[in-house]
Amino acid sequence: MSKGLGTTVGRSSRRRILRLAGGGITMAALGAGLTGCEDELATGGEGSTPPPSSASPEDGKAPADGKAPEPLWTKSTSAQTYGDNDELVAVDGVVIASGDPLAAFDGATGEERWSLPDGAVPGAPLLLGDGTLYLESGKYDGSVAGYVPGSGKEAWRSRLGKEYRQPRPVAVDGEQVYVIAEILEADGSSHTNVIAALNSGTGKVAWKEQRDLGTQQNGIHAAVQGRYLVYTDFKNNLTVRDTATGKQVWTQKTTKTSYGPFVVHQDLVIVPQGQRLQAFALSDGSEKWSVRTEEFTGFREPSLLEDVLYIADSSRTLWAVEPGTGKKIWQSTALKDASAQVPRQFVKVGGTLYGATDLDKQGGIHAFDAKTGGLRWTFNDKSGDYHSWLVATDGKRVYALHGKKLHALPA
């Protein structure tokens, strides 16, 4: 599958509001309605996550069940993230977190390999495609740039045009970089936006299409699958376009605004919508399957790993689902049994599934048995930082970002 596991552009989501609350604005001031029953169930409250063990793994191996590992290394970073899954990547022997300056650390040692001032807009997605890291320019000069991840050297740069403001990459495949930008009026204002494709070889504009009046350039989650570009937005739209022409294939309203990623699998787009997890055909938007969780419970963000869809719900149940059919592979109540937080991002190494939780000083990285959903251990740095945890892997190590602290854990 091409890059597209729910890339996010724009930071006006409810999650960001909650994070700002953790940084100093009281929840009382924001209003109890922002959190609601679903979020209260999801976090588990004070003391919800089992404390990590101080025992270190032997020879860099992962610890036994119930014992969280000590980090192989920990580094302070310039990270400025808002908790979206594509703000931390591990590729070509380095691990990179969105921030200014943008810095890459050696995955094995934690030593800084390169640093790039004004390389990216903090919190913007780090898009990987065809061996290139694509970024919205931190210089705010209207350009999109591509870099070699292992060295930080610039390999590509493109501009959409002077009549557009700050193109924001939302997805990438082997041939094109897809961007959304504001359309400038004569007085410098903007009321509409455009979606466009830039050729990743030449930087030339392949196509551009104006989006409907009232749509926003912020809050976009996008994915590419074959000839289809799929995206959602804060206006409850689910839209599919042809990657060759930009023409809209279909669009429809979703029942819930998606605050997190969706996934694409073969000919399906799979979107969590509150109590339902729905799969639609990429070709025409028809519903192919639907899974429902308990009443007053909502699904969180899904991850598709090795052809298995993993997703948690706010009642602290973890699901493994066949993406093609919606058939349940297993359900686990291990999180509920341990009064642990619900993860919202997953990576997998071998037989272990790792999940990163949202904001809360008792959050962390859970390690699960990928065959059963059993909870093996939880890592927490006890920093009390209000940022969400992010997780990435290179197959050898698991990288956990919490605020400005980047930890490498044995896989």
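A polar contact is a pair of N or O atoms within 3.5 Å; within protein, one must be able to donate a hydrogen and the other to accept it, and residues adjacent in sequence count only if both atoms are side-chain atoms. With that in hand, here are the views. This is a predicted model, in which local features need pLDDT of at least 70 and side-chain atom pairs count only at pLDDT 80 or more, while totals for chains, interfaces and linings use all residues. Residues are numbered from 1 along each chain as its sequence is written, and side-chain values use heavy atoms, with hydrogens and water left out.

**View 1. The side chains of Asp358 and Ser388 are joined by a polar contact of 2.2 Å.** Asp358 sits in the loop between strand E28 (352-357) and strand E29 (365-369); strands (E, at least two residues) are DSSP runs, numbered from the N terminus. With a relative accessible area of 11%, Asp358 is buried (buried means under 20% relative accessible area, exposed over 50%, partly exposed in between; 1.4 Å probe, protein chains only).

**View 2. Strand E9 (residues 143-147) is largely enclosed by the rest of the structure, because five of its five residues are buried.** Ser143, Ala145 and Tyr147 cover one side, and Val144 and Gly146 the other. Two strands pair if DSSP finds at least two bridges between them. Strand E8 (residues 132-136) runs antiparallel to E9, with four bridges, and Tyr134 stands opposite Gly146. On to the next partner: five bridges join E9 to the antiparallel strand E10 (residues 154-159), where Glu154 is the bridge partner of Tyr147.

**View 3. Each hairpin that involves E9 has six residues between its strands.** In the hairpin of E8 and E9, Tyr140 takes a positive phi near 50°. In the hairpin of E9 and E10, Gly152 has a positive phi near 80°.

**View 4. Asp92 and Arg316 have positive phi values although neither is a glycine.** Asp92, with phi near 55°, lies in the loop between strand E3 (88-91) and E4 and is partly exposed at 49% relative accessibility. Arg316, with phi of about 70°, is found in the loop between strand E24 (308-312) and strand E25 (318-321) and is buried at 15%.

**View 5. The peptide bond from Asp100 to Pro101 is cis, with omega near 0°.** Look for Pro101 in the loop between strand E4 (94-97) and strand E5 (102-106).
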